[in-house]
Protein chains: 2
Amino acid sequence: MAMGRGEATRERILAITEAAVLAKGFGATSIEEVIAEAGITKSGFFYHFRDKNELARALLQRYMERDDALLDDVFARGRELATDPLNGFLVGLKLLAETMADLPGGHPGCLVATYAYQERLFDRGVCELNQHIVFHWRARFRTLLEEIVEHSETKEPVDLDALADMVSTVIEGGLVLGRATGDPNILPKQLMLLRSYIKLLFEPATSAVH
Amino acid sequence: MAMGRGEATRERILAITEAAVLAKGFGATSIEEVIAEAGITKSGFFYHFRDKNELARALLQRYMERDDALLDDVFARGRELATDPLNGFLVGLKLLAETMADLPGGHPGCLVATYAYQERLFDRGVCELNQHIVFHWRARFRTLLEEIVEHSETKEPVDLDALADMVSTVIEGGLVLGRATGDPNILPKQLMLLRSYIKLLFEPATSAVH
DNA sequence: AGCGAACTGGACTTCCGGTACAGTGAATTC
DNA sequence: GAATTCACTGTACCGGAAGTCCAGTTCGCT
């Protein structure tokens, strides 16, 4: 990425802010501390972002792009390693769990959740972007699930949108519990339980012993 | 509850603050707006709470007690309506989903999650209480699950602590998604999917049509 | 009537978000 | 190489909110 001088500063501000926001929330992250760490002045900051809201939006945008790339990669690799869509999805979930487990200190948390619990702080644009991200997740996982149901039936009748949402639900919930307890292993374990559900739901019943 | 004059004011402050915190986060909730709504002065506020941190702790304490009472009730009723522990748990989950769905405007959100994403604002006592609540949930659901495994085996090998955590995970994740999208139905639906998992996991395979 | 709990009133400090605007060095363009 | 533009700096200021201090007041109970 060739970055101009301005772009590099903007990126530095975003990186510093993201760490701070995930560590202590958006409201508790002061512009002053960000500019102190970035080595710029307040005027410099407001040259790049009109206000804190614009910073929030840019941050969420950046977060979404990276998150998207990670999920693309994980589930594409899962699909490559497997012979059918169901197995691809299961491998993808396992890879995701491993990726989350391998992060030093655990996943730092999700900006979507951070924003969801501070909505009044933000303007409509930011809230809409947050909503869009969740719907984007839903569409992503639904696509994968639709490929699965073409090959195998579910043992219980389920709403595919809700099932797609369950992936996001488990990730968000796992992150909340992980943060609240300080245990980074909760998220990976929860992802493996979700995997177990998907497996039970789609795999033909085997009477085999484990 | 017979309340003294002081206790009533304290309770009023907590009720107003809880609504505000769930609506826009703790950082964005100013003491000034709380006292304005409560009709007291700043001095009056600081007579009851030393600082914002003590308010946070009292709020979380209150939240925990109510949450506890609700879960006690729901799963006790579930157990009464059913013949065995597994069915009792499944009915409890359904009752919980219905309770959440019946709340006007949906569940307002969970304070544990709110606090989890703003930890640096709080002192150790508050963070420890937050952690304690999650472990308390784990113990609660684990107890119920242990009764179930005494009667029926799981089809997949699962860690009971992780499975107990999954209830909290789905609730927290469902709330995050519900808040982010503005759709209060997500949480109930996710609870029903969790129910479906528990069912598949413990119920002997039936070849019956749904 | 008197005591203590539950406040009121007001003055003050610090920190932060945000505004305003004039100035400046480095790079790009003509 | 002069002009322009970008990417800032420096300074000064405002309003809101957390929090402190303390003196005074009202209410309920014994």
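Q: How many residue pairs are in polar contact between chain A and chain B?
A: The model is predicted, and the pairs counted here have both residues at pLDDT 80 or more. A polar contact requires N or O atoms within 3.5 Å. On that basis, the count between chain A and chain B is 14 residue pairs.

Q: Which helix gives the largest share of the side of chain A that touches chain B?
A: The elements that give two or more residues to this side are H1 (5-24), H6 (111-116), H7 (124-151), H8 (160-181) and H9 (186-202) of chain A. The largest share amounts to 16 residues. The helix that supplies this share is H8(A).

Q: How many residues of the side of chain A that touches chain B are nonpolar?
A: In chain A, 53 residues are in contact with 53 residues of chain B. The side belonging to chain A includes 15 polar and twelve charged residues. The nonpolar residues of that side number 26.

Q: Which residues of chain A lose the most area to chain B?
A: Chain A and chain B bury about 4600 Å² between them, with 66% of this area on carbon and sulfur atoms. Three residues of chain A together account for 17% of what that side buries. They are Tyr117(A), Leu193(A) and Leu200(A).

Q: What is the distance between the closest N and O atoms in the salt bridge of Lys199(A) with Glu156(B)?
A: The rule finds two salt bridges across the interface of chain A and chain B. It requires a side-chain nitrogen of Lys or Arg within 4 Å of a carboxyl oxygen of Asp or Glu. Lys199(A) and Glu156(B) form a salt bridge, and their closest N and O atoms are apart by 3.3 Å.

Q: Which helix supplies the largest share of the surface near DNA strand C?
A: Helices H2 (31-38) and H3 (42-48) of chain A, along with H1 (5-24) and H3 (42-48) of chain B, each supply at least two residues of this surface. The surface divides into four nonpolar, ten polar and six charged residues. Its largest share, four residues, comes from H3(B).

Q: Which residue has a side-chain N or O atom 2.7 Å from a phosphate oxygen of DNA strand C?
A: Of the atoms of DNA strand C within 4 Å of the protein, 60% belong to sugar or phosphate. The side-chain atom at 2.7 Å belongs to Tyr47(B).

Notes:
Residues are numbered from 1 along each chain as its sequence is written. Chains are lettered from A and ligands numbered from 1 in the order in which they are written. This is a predicted model: local features need pLDDT of at least 70, side-chain atom pairs count only at pLDDT 80 or more; totals for chains, interfaces and linings use all residues. Side-chain values use heavy atoms; hydrogens and water are left out. Contact means heavy atoms within 4.5 Å. Buried area is the accessible area (1.4 Å probe) that two parts lose on being put together, summed over both. A polar contact is a pair of N or O atoms within 3.5 Å; within protein, one must be able to donate a hydrogen and the other to accept it, and residues adjacent in sequence count only if both atoms are side-chain atoms. Ala, Val, Leu, Ile, Met, Phe, Trp, Tyr, Cys and Pro count as nonpolar, Asp, Glu, Lys and Arg as charged, and the others, Gly among them, as polar. A residue is near a molecule or strand if one of its heavy atoms lies within 4 Å of it.
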